[in-house]
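Thank you all for coming; please have the sequence and the 3D view open while I talk. I will go through one chain and then its contact with a partner.

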2 protein chains.
Amino acid sequence: MKKINVGKKILSANEQYALNNSKLLNEKKVLCLNMISSPGSGKTTILTRTINELKGKIKIGVIEGDIQTDLDAQRIRATEAPVVQINTEGACHLSAAQVASALENLPVDGLDLIFIENVGNLVCPSAFELGENGKIVVLSVAEGDDKPAKYPTIFAKSKVLLINKIDLPSAQMDFDIERVKTDARKLNKAIEIFPISAKTGQSMNDWYKWLLKAAENQLSQK
Amino acid sequence: MKKINVGKKILSANEQYALNNSKLLNEKKVLCLNMISSPGSGKTTILTRTINELKGKIKIGVIEGDIQTDLDAQRIRATEAPVVQINTEGACHLSAAQVASALENLPVDGLDLIFIENVGNLVCPSAFELGENGKIVVLSVAEGDDKPAKYPTIFAKSKVLLINKIDLPSAQMDFDIERVKTDARKLNKAIEIFPISAKTGQSMNDWYKWLLKAAENQLSQK
């Protein structure tokens, strides 16, 4: 049998949708960040505080991924940011096709930054590109300091690690923040790490600065 | 075209392995519980304390599922309980085939109870039967009280819900335990709910009683 080398990588359906999303976002000069964590690490609280604090500086939209309910979208809506809810009805991650459909329902032209809040799951979402410019992984101090060692993929792939809930009493948490930093940087030298409390607002400024600069870079690349 | 009704459900490979595991465990009169939660809810701490407290009453073995590392198996080993580590190398849940292989490496004949600690993930493990007698879902108060509403499947399928980390200051947690109980019971009338702190040992007795009774029932069913 003759072999034919077509000289092209054949893209999966998800990769093709991701590529299309990426092209659209780059044309529109919109930064897109895919936020990934376990359930309950504080993604939605980080988003609502970030949107409120950066009002007047950048225009933020949100794509909310949940298995069921629009509880998180309701919380985002209260900030007056545009939001589209995707219910995966059991699926453990968002797909690029779902994000493509959500982008059609967001006022992309008027936005500087789109956050995708993925389904709460530290494992599966890391394997599915959505067309984003970068991933943000969130880990709360209540989850334990062994998580980069035990769930390495998402820490290896993320641009930023937000260590959330630093307002919780450290003595009760048994959480060695230096271990997390060391383990995360072993996997990913370039990762930016910001310990924060989205609930109290503590230490959020470096995260805001990083975001504003990333959105500015996206704008100037065109 | 003629249709042939074979009158039999064709089992998936996972279901076939699960059925074999279930048969083996029933023959050996060993209770097997599949523990599922997000990363960092405290599964391993619950297991180590439970094993230590019930020493001399029932003989417990553990199958540890992790994506990477044997950190959790090391913690179990310190209790002197027999433990087998499975590394899924990226997969987001344990399979029944992996459990079958682990059972070959556990001294099943000498055990009354086997805990399977699944990969930390509130979504995917709930879709894969392993041959267990029941599922135990763990939710820590740090994860928020909206989790039964947002991740219903595992709460609908579990025999027991352990609400862990009740030693954490409730004022800082915004965790309405009554909301969790109500939402979980809407999905699953029969679910047993035990609020506990595996770290301090607080309120663990009802959980131990439930376990001892379940192990006794398994033994007497033969």
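The radius of gyration is taken over C-alpha atoms, and the globule rule that goes with it is 2.2 Å times the number of residues to the power 0.38. Because that rule puts a compact globule of 222 residues near 17 Å, the 18 Å of chain A agrees with it. Before going on, please note that this is a predicted model, in which local features need pLDDT of at least 70 and side-chain atom pairs count only at pLDDT 80 or more, whereas totals for chains, interfaces and linings use all residues. Residues are numbered from 1 along each chain as its sequence is written, chains are lettered from A in the order in which they are written, and side-chain values use heavy atoms, with hydrogens and water left out.

Along its principal axes, the C-alpha trace of chain A spans about 65 × 45 × 35 Å. Of the 222 residues in chain A, 55% are buried, meaning under 20% relative accessible area with a 1.4 Å probe and protein chains only.

Let me turn to the partner. How many residues does each chain bring to the contact? Counting heavy atoms within 4.5 Å as contact, chain A and chain B give 35 residues each. The area buried between them, that is, the accessible area (1.4 Å probe) that two parts lose on being put together, summed over both, is about 2600 Å², with 56% from carbon and sulfur atoms. On the chain B side, B:Pro39, B:Lys150 and B:Gln172 lose the most area to chain A, together 21% of what that side buries.

Terms used: Buried means under 20% relative accessible area, exposed over 50%, partly exposed in between (1.4 Å probe, protein chains only).
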